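Please look over the sequence and the structure below. A short report follows on how the chains are built and packed.

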Amino acid sequence: MLTITKLTKRYGSGDPVLKELDLRVEGDQLTSVIGSSGAGKSTLLRCINRLVEPTSGTVDLNGTDFTKLKGRELRTARRRIGMVFQSFNLIDRLTVMENVQSGRLGYISTWAALTRRYPREDIRHAYELMERVGIAHYANKRADELSGGERQRVGVVRALMQRPEILLADEPTASLDPKTSEQIMTLLRDLASELKLPVIINIHNVTEAKEFSDRIVGMRYGRIIFDNQPAALGKAEMDEIYAGVPAEDRAQVGAAA
Amino acid sequence: MSTVRDTWKKPPFIANPVLRYGLYAAVATYVVVTLATLPIDWDRVSDGLTRAQRIFNGAFPPSFERTGLLIDGFMESLKIAILATVGGILLSVPLAFMAAGNIAAKPIYLLGRGIIIVARSFHPVIVAIIFVKAVGFGPFAGALTLVVYSVGFVAKLLAERIEEIDFGQVEAMRSAGAGFIATLAYAVMPQIMPRLVGLGIYQLDSNLRASAVVGIVGAGGIGATLANAFGRYDYDFALAITMVIVGVILLSEAASGFIRKRIA
């Protein structure tokens, strides 16, 4: 269970990007976060695994307060949160297997990582997951030889290799064509229920969000103004989430997208 | 409705006409005054021409009699160049990471940049003079000189490449809980590898050229052979050496260009 309490993030001296935000995610729910650019969606996800340092508030994952961790403890804790990125963030010049195994870098020794001597168990797990998402035959291909959809599958498998307790996806389908995008969303939804994994997805495509999520969270200017089942998201709610321009509400906008 | 204009002139380089013509006048005056006051002794120039004539007369035809000495000098230069390139790159990689603002902490970054600036601030000939004083005449001084020269060049350009990497991959490794070294090895090294190989090949070629120069101040290699030939007025042998240097450098440039094109 992920519990976020009074989370605030401020870049520099401007207005906060996140304003005392509370959110709780549990079970194998697929939660979609929607909102216009600059609403703080990316910052929210990045504050959870501390890729971005929150200004105040707490992030608690199954009893661990992530905001208090430092150095090695933080690295160990990050293994428990898988993350999927919009631009995939694969290592282009390495093979698919190396990319997938990079999800285990928090577990194996640096020497094993440098010499590519991955534990047998990890290799078996990798093949199982790659088989599950349909990329096992690409194991020895370089990541930059794959198509967008295939690359995002590698990204998903890499995150799952961590055996995470929660999966964060930052606009995982924004760089993909509509059909591939739907396939990836289906995959994420199915994996959530198969692995009993809560998934939080930042998404711009509201139609997809409504189709695939169990729950939709609408953000505007750093606050959650909608939190309900997809069916409850009507035109009025949409208008409110996407109303106005961020500049009107925030004097200074930070670096968050 | 007003008529549309059909003439356009590019705005002048300096908008203020007084400033513009003033600047032109100042530059012209400076050039004239400098030429008028330079101590150019035309008698010495004509003396020099006759002396050059004598040197060239002595140099033709080039003498390849002492080919053994020539080859020895070249092999030494090649060894210096290879040793300096390998040593330079081994030092450059960690230094480049230190000097990359997006990877290193501020104090480490400043230290790294400082080392690179020092390594770059002196011409190899000056560094060679210092090393010849420190470790004595010979190829060792040459190799050390070119290590410094290589570090200044390779580490700087590599650090700039590191600052240009796609940081998303670093983020991905961090989010998986990877340690510092593992993150560098997986997220950074693959991205900078092509540049590193290219720089290494270019530097080998460049070191071979530079080894001929530093040899003149006593740091071994073909430059030492050339300096000796001049010292003994063996202009024909000196010409032979010069011709071979040009030939070898043309060859090595072609080879390095070919390899770099292939890996790009």
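Predicted model: local features only at pLDDT ≥ 70, side-chain atom pairs only at ≥ 80, totals over all residues.

Residues are numbered from 1 along each chain as its sequence is written, and chains are lettered from A and ligands numbered from 1 in the order in which they are written.

**The chains**

Chain A has 10 helices and 10 strands. Chain B has 10 helices and 0 strands. Helices (H or I, at least four residues) and strands (E, at least two) are DSSP runs, numbered from the N terminus. The table uses the term buried, which applies to a residue with 20 or more other C-beta atoms within 10 Å of its own; 12 or fewer make it exposed, and values in between partly exposed, with C-beta atoms placed from the backbone.

| Chain | Residues buried | C-alpha box along the principal axes |
|---|---|---|
| Chain A | 46% of 257 residues | roughly 50 × 40 × 30 Å |
| Chain B | 35% of 264 residues | roughly 70 × 65 × 35 Å |

The radius of gyration is taken over C-alpha atoms, and the globule rule is 2.2 Å times the number of residues to the power 0.38. For chain A the radius is 18 Å, close to the 18 Å from the rule for 257 residues, so chain A is as compact as a globular protein of that length. For chain B the radius is 26 Å, well over the 18 Å from the rule for 264 residues, so chain B is more spread out than a compact globule.

**Where the chains touch**

Two residues are in contact if their C-beta atoms, placed from the backbone, lie within 7 Å. Chain A gives 22 residues to the contact and chain B gives 18 residues. On the side of chain A that touches chain B, α2 (71-78), β6 (81-84) and α4 (110-114) of chain A each supply at least two residues.

**The cores**

A nonpolar core is a set of buried Ala, Val, Leu, Ile, Met, Phe, Trp, Tyr and Cys residues joined through C-beta atoms within 7 Å. The largest one has 117 residues. Among the members that touch the most others are A:L168, B:A96 and B:I162. Helix α6 (residues 139-163) of chain B gives the most to this core, with 14 residues. Beyond its neighbours within four places in sequence, B:I162 is in contact with B:A96, B:F97, B:A100, B:I103, B:V188 and B:I192. A second, separate core of 11 residues includes B:F74, B:L226, B:F237 and B:I241.

**Helix α5 of chain B**

Helix α5 (residues 124-135) of chain B has 12 residues. The expected span of a helix is 1.5 Å times one less than its number of residues. That gives 16 Å for this helix, and its end C-alpha atoms are 16 Å apart, which agrees. In α5(B), B:P124, B:V127, B:A128, B:F131 and B:V132 are buried. Seen down the axis, the buried residues of α5(B) fall within an arc of 140°, so they line one face of the helix. The arc is that of the directions from the helix axis to the C-beta atoms. Their cover includes α6 and α8 (180-214) of chain B. After α5(B) comes B:G136, whose phi is positive, near 90°.

**One residue of α8**

B:R195 is found in helix α8 of chain B. With 19 C-beta neighbours inside 10 Å, B:R195 counts as partly exposed. Leaving aside neighbours within four places in sequence, B:R195 is in contact with B:L158 and B:R161.
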